[in-house]
Amino acid sequence: MTLRPRFWETVPLSKMTQAEWEALCDGCGKCCLNKLEYEDTGEVAYTRIACRLFDGDTCRCRDYPNRKLHVPECVVLTPKTLPKIAYWMPATCAYKLLFQKKKLPDWHPLLTGDPDSTHKAGASIRGLTLSEADIPEDDWEDYLIEETP
């Protein structure tokens, strides 16, 4: 996988290669959390309840290439879908930040060269999640966390 040097600073999201696009992910896992969106206010609340395919130890999908087969509601993030869904993405998400013309956080793996820097910075949900397979959807409000999109 060859990435252009500091591509995130010079290449528009829509012009990135697939490898560059995927490299933007910091591995925080927050996009895999189930969220509650309140229709009356539009507020988005994050829960500790993760997608059934989410591996809480690695903060990665257990079957990323085939996730839509197992979880049809999984959102596939692309430059085209980003404007519609950025509002519920985590505030530190590289996709959201670059869409908003902001810089990556200092701890982002593209800047540190360390794939674990997100976890070391305390910016991931490693070890904090419960599986949606174990928690009835009606109880998700009991598992809200402080993350704000």
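User: To begin, where is Cys74 found?

Analyst: Cys74 is found in the loop between helix 3 (67-70) and helix 4. Helices (H or I, at least four residues) and strands (E, at least two) are DSSP runs, numbered from the N terminus. Please note that this is a predicted model, in which local features need pLDDT of at least 70 and side-chain atom pairs count only at pLDDT 80 or more, while totals for chains, interfaces and linings use all residues. Residues are numbered from 1 along each chain as its sequence is written, and side-chain values use heavy atoms, with hydrogens and water left out.

User: Which residues is Cys74 in contact with, leaving aside neighbours within four places in sequence?

Analyst: Cys74 is in contact with Arg67 and Lys68 once those neighbours are left aside. Contact means heavy atoms within 4.5 Å.

User: And what is the relative accessibility of Cys74?

Analyst: The value for Cys74 is 22%, so the residue counts as partly exposed. Buried means under 20% relative accessible area, exposed over 50%, and partly exposed in between (1.4 Å probe, protein chains only).

User: How far apart are Cys74 and Pro109?

Analyst: Their C-alpha atoms are 24 Å apart in space, and the two residues are 35 apart in sequence.

User: New topic: how many aromatic pairs does the structure hold?

Analyst: There are two aromatic pairs. Rings of Phe, Tyr and Trp (its six-membered ring) pair if their centres lie within 6.5 Å; planes under 30 degrees apart count as stacked, over 60 as edge-to-face and the rest as tilted. The Phe7 and Trp8 rings have centres 5.2 Å apart and planes at 85 degrees, so this pair is edge-to-face. Trp21 and Tyr95 form a tilted pair, with 4.6 Å centre to centre and 50 degrees between the planes.

User: Why does the pair of Trp21 and Tyr95 tie together parts that are 74 residues apart in sequence?

Analyst: It does so because Trp21 lies in helix 2 (residues 18-23), whereas Tyr95 lies in helix 5 (residues 94-99).

User: Which residues touch the most other members in the largest nonpolar core?

Analyst: They are Met16, Trp21, Leu24, Leu82, Met89 and Tyr95, in a core of 29 residues. Helix 1 (7-10), helix 2, strand 2 (44-50), helix 4 (82-85) and helix 5 each supply at least two residues of this core. A nonpolar core is a set of buried Ala, Val, Leu, Ile, Met, Phe, Trp, Tyr and Cys residues joined through side-chain atoms within 4.5 Å.

User: What does Leu24 touch, not counting residues up to four places away in sequence?

Analyst: Leu24 touches Phe7, Trp8, Leu13, Met16, Ala94, Tyr95, Leu98, His108 and Leu110.

User: What about Leu3, and where is it found?

Analyst: Leu3 is in the segment before helix 1. With its neighbours within four places in sequence left aside, Leu3 is in contact with Ala19, Glu20, Ala23 and Leu110. Its relative accessibility of 27% makes Leu3 partly exposed.

User: Which residues have a positive phi although they are not glycines?

Analyst: Arg6 is one of them, with a phi of about 45 degrees, and Cys59 is another, with a phi of about 60 degrees. Most residues other than glycine have a negative phi. Arg6 is found in the segment before helix 1 and is partly exposed at 42% relative accessibility. Cys59 lies in the loop between strand 3 (54-55) and strand 4 (60-61) and is buried, with a relative accessible area of 4%.

User: Finally, the whole chain: how many helices and strands does it have?

Analyst: The protein chain has seven helices and five strands. From the N terminus on, the elements run α-α-β-β-β-β-α-α-α-α-α-β. Of its 149 residues, 40% count as buried.
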